[in-house]
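Here is a friendly note to read alongside your structure. Keep the picture open as you go, and find each residue as it comes up.

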Amino acid sequence: MKWLSQFKQLGLTIAYYRKLKGYTQQELAEASGLSRTHISNLEAPNMPTSISLEKLFDIADALDVPVKVFFDFRA
């Protein structure tokens, strides 16, 4: 199931940009309108968690990055 790997990459990428911005999971949650638990689940590499495009755009806005960076998966 290739999508499991892609969810993992997405979560790790969100965590990378969150840390680069200096945000805690709670701060990102508040800025994006998600719960801290949902942010935590998204970032957890062993918990594939789905997310709507709308919320992904909200996270990108909160982190001030283009949403396309979330899909620049490294091989």
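The numbered points below go from the whole chain to single residues.

1. **What you are looking at.** This is a predicted model, in which local features need pLDDT of at least 70 and side-chain atom pairs count only at pLDDT 80 or more, while totals for chains, interfaces and linings use all residues. Residues are numbered from 1 along each chain as its sequence is written, and side-chain values use heavy atoms, with hydrogens and water left out.

2. **Confidence.** The score pLDDT is the predictor's confidence in each residue, from 0 to 100. For the protein chain the mean pLDDT is 91, and 96% of the residues reach 70 or more. Confidence is lowest in α1, with a mean of 89, and highest in α2, at 98.

3. **Overall fold.** The protein chain has four helices and zero strands, and its elements run α-α-α-α from the N terminus on. Helices (H or I, at least four residues) and strands (E, at least two) are DSSP runs, numbered from the N terminus. The radius of gyration is 11 Å, close to the 11 Å that the globule rule gives for 75 residues, so the chain is as compact as a globular protein of that length. That radius is taken over C-alpha atoms, and the globule rule is 2.2 Å times the number of residues to the power 0.38. Along the principal axes, the C-alpha atoms fill a box of roughly 30 × 25 × 20 Å.

4. Of the 75 residues in the protein chain, 33% are buried. Buried means under 20% relative accessible area, exposed over 50%, and partly exposed in between (1.4 Å probe, protein chains only). Contact means heavy atoms within 4.5 Å. Among contacts with a separation of 6 or more, 54% join residues 24 or more positions apart.

5. **The core.** Which residues have the most contacts inside the largest nonpolar core? They are I14, L28, I39, I51, I59 and F70, in a core of 16 residues. A nonpolar core is a set of buried Ala, Val, Leu, Ile, Met, Phe, Trp, Tyr and Cys residues joined through side-chain atoms within 4.5 Å. The elements giving two or more residues to this core are α1, α2, α3 and α4, and α4 gives the most, with five residues.

6. **One face of α3.** In helix α3 (residues 36-43), the buried residues are I39, L42 and E43. Seen down the axis of α3, these buried residues fall within an arc of 90°, so they line one face of the helix. The arc is that of the directions from the helix axis to the C-beta atoms. Their cover includes α1 (2-21), α2 (25-32) and α4 (53-63).

7. L10 lies in helix α1 and is buried, with a relative accessible area of 7%. Leaving aside neighbours within four places in sequence, L10 is in contact with I51, L56, F70 and F73. L10 and L42 are 32 residues apart in sequence, and 7.9 Å apart in space, C-alpha to C-alpha. R18 also lies in helix α1, and at 9% relative accessibility R18 counts as buried. Beyond its neighbours within four places in sequence, R18 is in contact with Y23, T24, Q25, L28, E43 and L63.

8. **Aromatic rings.** The structure holds two aromatic pairs. In Y16 and Y17 the ring centres are 5.0 Å apart and the planes are at 85°, so the pair is edge-to-face. Y17 and F70 form an edge-to-face pair, at 6.5 Å centre to centre and 70° between the planes. This pair links distant parts of the chain, with Y17 in helix α1 and F70 in the segment after α4, 53 residues apart. Rings of Phe, Tyr and Trp (its six-membered ring) pair if their centres lie within 6.5 Å; planes under 30 degrees apart count as stacked, over 60 as edge-to-face and the rest as tilted. Y16, Y17 and F70 form one aromatic cluster. F70 is buried, with a relative accessible area of 0%, whereas Y17 counts as partly exposed at 22% relative accessibility.

9. Is D64 buried or exposed? D64 is exposed, with a relative accessible area of 63%. D64 is found in the segment after α4, and its phi is near 60°, a positive value in a residue other than glycine.
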